[in-house]
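Welcome to this short tour. Open your viewer, load the model below and follow along.

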Amino acid sequence: MKQHRKLITFGRIIKTGLTNFLRNAWLAAAAMAVMTVTLTIVLFSVVTSATFNNTIQQINAKINVSIYLADSTTLDQANVMMQQLRTLPEVKQVSYISKDQALAIFTAGNSTNLALQQAINQTGNPLPASLKVMPQDPSHIASIEKFIKDPKNVALEDPQNPSSYHGDQKAAVDKIAHATNVMRQAGVVAVAVFAIISMLIIFNTIQMAIFNRRDELTIMRLLGASTSFIRGPFVVESIMYGVISAFISVAIIDVLFIASSSALQASSLGLLDINYSNTYFHNHFWMLLGMQLAVGIIIGAGSSILATRRYLKFKTK
C-alpha cells in the first residue's frame, strides 16, 4: 500500500512537471536555446577530437625512421641490427629493404618520369639497402636516435645517405596534435561558459515560476505537501529543458555533417576529415545521444535543485 502511494505521488510529480513545462514553454525558450548551444559544443568537441585522433593515428602509421646501409654491410650484419632494434621499447616494427626492393619501390613511384628511368637503367642501381623502423610513438624516438648514433652502427651505414626521419610527416602530426589540443581546450572553456549561462538562465526561470505560483505553493504547504512533492515538478520541468535541448543539438550536428558532405561536396574542412566525422557520428549515434541526454539532464536538474533550495526556503526532509 505504501509503495503504491509512492508510485501515485511520483506520477503526480511527473504530470505536474510536464504541465508546468507546457505552461511555461515561452519562458523556457531562452534556457533551452542556451542549453542547446552548450550541448552542441559538447557534441562537436567530442566528434572533432575523435576525428583528429584518427588522423594522427593514420599519419603515425606512415612515419618511419630509415637507416641506410653501406653496400659493404652484409645481410647477417643487417639482421643483427634488426634484432637489436626490436629489443628497444620505442620500436614497433623493423623491416629490411634490399637494394633491389628499394629500386623497385623508387621505380614504381616515378613510373611517369621516363628520363629518370633511362638514367637508372644506364647507371645501375644507386640505391642502398635500408632498415625501415616503425616507432611506437613518432614523438618519442630517443633510444632509436641513440642506436643510430652508436659508432659501431654508424660504421655500417651509408655515409652518402644519412638516416632519415620523415620530417614532413612529423610536422603534420605535430600540427594536428597541436590543433587537437587547442580544440579540446577551447571546447572545455566554451562548454564551461555556456553551461554556467544555461544554469543561470534556468535558475532565473525557476525563480520566476516559483514567484508566479507562490500562492499555490503556500496552500500546498499548508495542506501538508512534502518538500519533495513541491520541488519535484520544478526538477522535472528543468529536466525537460535538457532532454529537448539534447535532441535538438544532435539534430543540428547531423544536419551540419550532411550539409558539409553533400551540399558543400567537401570531404574535409582544413584538418577536419568530414567523411570520418560523419561516419563516427552515425556509428556512435546512440552513445552520443545518451551522453547529450545525460549532460542536459545534469545541467537542468542541478540548476533546478539549486534554485528550489534557494527560493522555496524549505527544510529537506
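How much space lies in the largest pocket? About 250 Å³. A pocket, on a 1 Å grid over the protein atoms alone, is an open set of points where a 1.4 Å probe fits, with protein on both sides within 12 Å along at least five of seven lines; lining residues have an atom within 4 Å of a point. The volume is the space filled by probe spheres set on the points, which are joined across faces, edges and corners.

Before going on: this is a predicted model, where local features need pLDDT of at least 70 and side-chain atom pairs count only at pLDDT 80 or more, while totals for chains, interfaces and linings use all residues. Residues are numbered from 1 along each chain as its sequence is written, and side-chain values use heavy atoms, without hydrogens and water.

**Stop one: the pocket.** Select Tyr68, Ile97, Ala102, Ile105 and Ser130, which lie nearest the centre of the largest pocket among its 12 lining residues. Next, colour β1, α4 (99-109) and β3, the elements that give two or more residues to this lining. The largest share, three residues, comes from α4.

**Stop two: the largest core.** Now select Ile67, Met81, Leu85, Leu131, Val133 and Ile144, the residues with the most contacts inside the largest nonpolar core, which has 17 residues. Among the elements that each supply at least two residues of this core are β2 (91-97) and α6 (142-149), but α3 gives the most, with four.

**Stop three: Met81.** Leaving aside neighbours within four places in sequence, Met81 is in contact (heavy atoms within 4.5 Å) with Ile67, Leu69, Leu131, Phe147, Asn153 and Leu156.

Terms used: A nonpolar core is a set of buried Ala, Val, Leu, Ile, Met, Phe, Trp, Tyr and Cys residues joined through side-chain atoms within 4.5 Å. Buried means under 20% relative accessible area, exposed over 50%, partly exposed in between (1.4 Å probe, protein chains only).
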